[in-house]
Amino acid sequence: MSQRQLWVVNPDLVYGLGQDEVRMFTELCRTWSERLSRNSLRLTYYRSKNKLDDLGISIPPPLRSVETAVGWPAKAVDALAARSVFDGFTFGGEEDAELSRILDENDFAEQYQEAVTSELVTSPAFCTVTRGQGDEPEVITSFYSALNACALWDWRRRRVRCGFTITDYDETQLYGSIPSRLNFYTEGNVFECWRSRNGRWSTRRMDNPQGRPLMEALCYRPSLDRPFGKSRISRSVMSITDSAVRTALRSEVAAEFFTSPQRYLLGADEDTFKDDPDGKKLKMWMGAVQVFTTNREGDTPQYGQLQAMSMQPHVDYMRSLAARLSGETGIPGSMLGVIHDNPSSAEAMYAASEELIIEAEALNRTNGRALRNVARLVTAVRQGKTLAELTEDELAVRPNFKNPMRPSIASTADAMAKIAGVLPDFAGTDVFWEQLGFSEDVRDRVRTQLRTSQARSAAMATAQAALAQGRQVTDGGIAGQAEQVSV
């Protein structure tokens with residue numbers, strides 16, 4: 001997609017909105033436009049497409065066009081996003097089959113993983129809930145980045161006051177990408193808006209009985225003065241990345257001079273090069289032999305080579321930049337390519353990742369609150385209720401996340417076995433299998449096979465008891481008894 005247009009809607013060109021709604025809509029457009037360039041810049045850093053910020057001192061002009069990329073901003077985002085893995089909703093410890101079905105139809109877990117990445121790049125990301133139409137899912141959940149959505153904050157209620165999501169763009173040769181379709185969310189309505197060729201906006205109003213916008217924000221590190229959080233690609237991360245890009249390019253320049261060191265020739269006769277204005281006689285080629293005679297004074301020319309620059313200063317400076325980025329983001333230095341001579345112990349590896357784990361736990365807490373509100377909205381929209389009409393059990397929905405520590409299977413199994421030794425019944429719970437790291441489909445297969453095994457064991461026990469009492473047991477009788485066993 002081409003560059004998005006910094007766009008502010010003209011209120012006089014919007015049809016179907018009230019005065020207060022036009023005011024909110026205009027403020028949303030202005031807010032989105034003001035932050036678009038900065039958000040686009042962060043996305044550029046995430047994609048490693050940021051341009052060289054040359055200081056104009058050490059890099060020769062012919063080499064400034066050499067493309068050099070450093071993927072540290074992407075690593076800062078992806079390393080944290082990989083530790084925030086959504087693992088379903090529960091109501092008081094039990095799963096809701098209808099909610100799980102709707103989330104599966106929307107690929108909610110995969111959408112959330114993509115949204116976390118966008119949340120960490122631009123902050124915030126947004127999730128909307130709408131009722132499906134036709135052959136669509138009963139309820140549709142959609143995620144948007146800050147590049148395609150915007151919201152205003154309700155300071156009193158501590159939630160989104162209103163917002164819009166851009167669902168389509170028009171590509172123009174002069175202005176680039178201009179929004180052409182969007183959904184506008186308010187406390188009482190949802191507006192479907194589309195832009196005509198003459199620049200006028202038409203709207204279709206749909207009632208929203210929930211008393212709050214059907215839009216929730218996922219924010220990284222929110223604070224009292226910045227409720228929508230901030231980007232993980234901060235100004236310091238971008239500054240360190242710029243330094244790393246320059247260092248990488250300087251390393252390329254140094255490598256060129258290191259492999260082709262400068263040479264010199266002293267005491268050569270000028271007459272030797274009179275017929276060689278381009279210096280072709282001085283160029284060295286593989287297998288070529290250079291022959292020089294004595295000069296007018298009878299001295300033999302002296303051939304020498306300047307000492308090549310060392311690559312070590314560039315390597316050391318890059319390691320220093322990696323250490324700075326590690327301190328800024330909590331990412332272990334090994335993830336940034338800083339390899340130590342001696343392998344780290346398991347305790348040292350955990351200590352290096354501890355800050356990143358703490359960040360992931362905080363991220364799961366804030367996102368968990370947003371996902372809880374999304375689940376409540378999905379439940380209310382599906383049942384045609386309002387949030388106030390939901391039962392206490394339905395309001396008790398809680399999101400689950402996988403352990404951000406990402407422990408090994410061996411250590412997890414050892415811990416679960418010790419707990420089961422103290423609480424024997426714990427081994428038969430879903431939590432036990434969940435903590436062992438088994439996915440939901442694997443847990444379902446394990447339950448099915450356990451039920452089949454228990455049914456067979458019960459049938460065999462019944463048959464053996466009948467034989468012990470001297471009864472005549474047939475294969476059909478045993479099979480009939482086995483079918484009556486309840487698991």
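Are Phe 86 and Tyr 112 buried or exposed? Both residues are buried. The structure is a predicted model, and the values below are computed from it.

**Aromatic pairs**

A pair of aromatic rings is described by the distance of the centres and the angle of the planes. In this model the count comes to 12 aromatic pairs. Two of them are set out here.

| Ring pair | Distance of centres | Angle of planes | Class |
|---|---|---|---|
| Phe 25 and Phe 164 | 6.2 Å | 70 degrees | edge-to-face |
| Phe 86 and Tyr 112 | 6.1 Å | 55 degrees | tilted |

The planes of Phe 25 and Phe 164 stand at 70 degrees, so this pair is edge-to-face; the cut-off for that class is over 60 degrees. The pair links distant parts of the chain, with Phe 25 in helix α1 (residues 19-46) and Phe 164 in strand β5 (residues 159-172), 139 residues apart. Phe 25 counts as buried because its relative accessibility is 1%. Phe 164 is also buried, with a relative accessible area of 0%.

The rings of Phe 86 and Tyr 112 have their planes at 55 degrees, so the pair is tilted. Here too the pair links distant parts of the chain: Phe 86 belongs to strand β1 (residues 86-91) and Tyr 112 to helix α4 (residues 108-121), 26 residues apart. Phe 86 and Tyr 112 are also members of a cluster linked by ring pairs, together with Phe 89, Phe 108, Phe 143 and Phe 401.

**Cysteines**

A disulfide is a covalent bond between the sulfur atoms of two cysteines. How many disulfides does the model have? The count comes to 0. For Cys 162, the closest cysteine sulfur is that of Cys 150, at 8.4 Å, which is too far for a bond; the cut-off is 2.5 Å. Cys 162 counts as buried because its relative accessibility is 0%. Cys 127 has a relative accessibility of 1%, so Cys 127 counts as buried.

**A covered helix and a surface patch**

Helix α2 (residues 72-81) is mostly covered, as 8 of its 10 residues are buried. The buried residues are Trp 72, Pro 73, Ala 74, Ala 76, Val 77, Ala 79, Leu 80 and Ala 81.

On the surface, Ile 419, Val 422 and Leu 423 make up a nonpolar patch, and their accessible area together is about 290 Å². Val 422 is part of helix α9 (residues 409-422). Why does Val 422 count as exposed? Its relative accessibility is 66%, and the cut-off for exposed is over 50%.

Conventions. Residues numbered from 1 in each chain as written. Predicted model: local features only at pLDDT ≥ 70, side-chain atom pairs only at ≥ 80, totals over all residues. Heavy atoms only, no water. Patch = residues over 30% accessible without salt bridge, like charges linked within 9 Å, V, L, I, M, F, W, Y side chains within 5 Å. Areas by Shrake-Rupley, 256 points an atom, 1.4 Å probe, with all protein chains shown as cover. Salt bridge = Lys/Arg side-chain N within 4 Å of Asp/Glu carboxyl O. Helix = DSSP H or I, 4+ residues; strand = E, 2+ residues; numbered from the N terminus. Buried < 20%, exposed > 50% of the residue type's maximum accessible area, 1.4 Å probe, protein only. Phe/Tyr/Trp six-rings, centres within 6.5 Å; stacked < 30°, edge-to-face > 60°.
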